[in-house]
Amino acid sequence: MICFDGELDKFFKKPDMKKTELFGDERFPNVVVSPQGTVLATWGKKTFRIRRSEDGGETWGEEIEVTDPGFHGGGVTVDDQNEAIIVFAENEHPPRIPQTEMGPLHVFRSHDDGKTWAPVDVTIHPDSNGFVPSRHMAEHGITLHHGEHAGRLVRPARVYNKPGAEPARYAIALCSDDGGYNWFSSEPFPEPGTGEAALTELSDGSIYCTTRKSLFDTEPQHYTYHRPVAWSYDGGKTWKDLEWEKMLPDGPRYRGAEPSNACYNAHFGMFAGLTRLPVRDQDILLYSNADTS
């Protein structure tokens with residue numbers, strides 16, 4: 001298996017925050033780095049497209065169309081064992097509620113560093129509540145490198161349900177032990193009203209997960225813009241030790257208003273980015289989101 005952990009020195013260079021416009025329309029981006037070091041940016045709410053950068057994001061190639069029509073399913077996943085790249089496309093903007101099944105899913109794989117893509121058949125198994133998770137609006141997936149589950153693919157997902165219904169909507173993870181052809185669902189994230197998660201593996205083999213929070217199905221004491229986080233110690237099967245991380249804003253959620261006074265765009269948190277620096281034996285995480293200001 002490819003392991004990228006190295007030294008910290010390479011990250012001490014002055015950051016370059018210049019703006020690069022990758023796409024001028026549509027939504028739902030993911031960014032991953034291939035085993036060859038190629039940066040792949042994916043997006044699309046009508047047509048699933050990709051652009052590649054072979055120089056660390058300095059310049060970008062032309063758009064590569066993966067599927068048309070195609071709604072970006074999120075969770076782009078690089079399989080570090082065989083260097084395959086996996087993307088997920090749905091036919092329409094989810095959700096179908098109540099969610100006992102999702103709309104048609106199309107999965108594509110690339111074995112040439114993101115230059116060409118071929119459709120593959122996959123199976124998404126229901127979770128313990130009988131729901132087939134949606135792939136919509138989730139950060140990129142990962143390959144586990146440590147412990148007994150090394151080689152497992154894990155990507156965030158979500159389960160929709162009607163507001164006030166049981167069980168409430170929740171974040172979840174999809175895991176695969178056969179290179180992305182069969183995916184089993186984790187147990188729900190231990191906080192209702194969550195979704196659009198991001199996760200990463202820590203140096204001890206645990207998985208750290210952070211997710212946005214919605215006003216739906218929540219308790220009054222959780223009317224806050226702080227970000228819920230939890231850990232998995234069994235390769236993504238279950239989530240433990242829920243915390244409300246005060247250092248991580250969850251976007252402009254609530255804007256200080258009570259739920260009855262909050263506008264629509266304030267009733268939920270925001271899709272955030274998360275990555276772990278590939279530094280040996282250290283857990284340095286980079287989190288990105290908007291704040292209330």
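Analyst: With a definition: a residue is buried under 20% relative accessible area, exposed over 50%, and partly exposed in between. Keep in mind that the model is predicted.

User: Which residues of strand 1 make up its covered face?

Analyst: In a regular strand the side chains alternate between the two faces of the sheet. In strand 1, V31 and V33 form the uncovered face. The covered face is N30 and V32.

User: Which residues in strand 2 are the bridge partners of N30 and V32?

Analyst: Strand 1 and strand 2 (residues 39–43) run antiparallel and are joined by 4 bridges. N30 has T42 as its bridge partner. For V32, the partner is L40.

User: Which residue in the turn between strand 1 and strand 2 has a positive phi?

Analyst: The two strands form a hairpin, with 5 residues between them. One turn residue has a phi of about 90°. That residue is G37.

User: In what order do the strands of the open sheet lie, and why is one side of strand 1 and of strand 4 left without a neighbour?

Analyst: The sheet has 4 strands with antiparallel pairing, in the order 1-2-3-4. Strand 1 (30–33) and strand 4 (64–67) each have a single partner strand, so one side of each has no neighbour in the sheet. From one strand to the next, the twist averages 25°.

User: How many aromatic pairs does the structure hold, and is the pair of F28 and F71 stacked, tilted or edge-to-face?

Analyst: The structure holds 4 aromatic pairs. The ring centres of F28 and F71 are 4.9 Å apart. Planes count as stacked under 30 degrees and as edge-to-face over 60. Here the planes stand at 45°, so the pair is tilted.

User: How many residues apart are F28 and F71?

Analyst: F28 lies in the segment before strand 1, and F71 in strand 5 (residues 71–72). F28 is buried, at 6% relative accessibility, and F71 is buried at 3%. The pair links distant parts of the chain, 43 residues apart.

User: What kind of pair do F88 and W183 form?

Analyst: F88 is in strand 7 (residues 84–90) and W183 in strand 14 (residues 182–185), 95 residues apart. Both F88 and W183 are buried. Their centres are 5.7 Å apart and their planes stand at 70°, so the pair is edge-to-face.

User: Which residue lies over the face of F88?

Analyst: A charge sits over a ring when NZ of Lys or CZ of Arg is within 6 Å of the ring centre and within 35 degrees of the ring normal. The distance here is 4.5 Å from the ring centre. The residue is R155.

Note on methods: Residues are numbered from 1 along each chain as its sequence is written. This is a predicted model: local features need pLDDT of at least 70, side-chain atom pairs count only at pLDDT 80 or more; totals for chains, interfaces and linings use all residues. Side-chain values use heavy atoms; hydrogens and water are left out. Two strands pair if DSSP finds at least two bridges between them. Axes are lines fitted to C-alpha atoms, for helices over the stretch in contact, and angles run from 0 to 180 degrees between N-to-C directions. Rings of Phe, Tyr and Trp (its six-membered ring) pair if their centres lie within 6.5 Å; planes under 30 degrees apart count as stacked, over 60 as edge-to-face and the rest as tilted. Buried means under 20% relative accessible area, exposed over 50%, partly exposed in between (1.4 Å probe, protein chains only).
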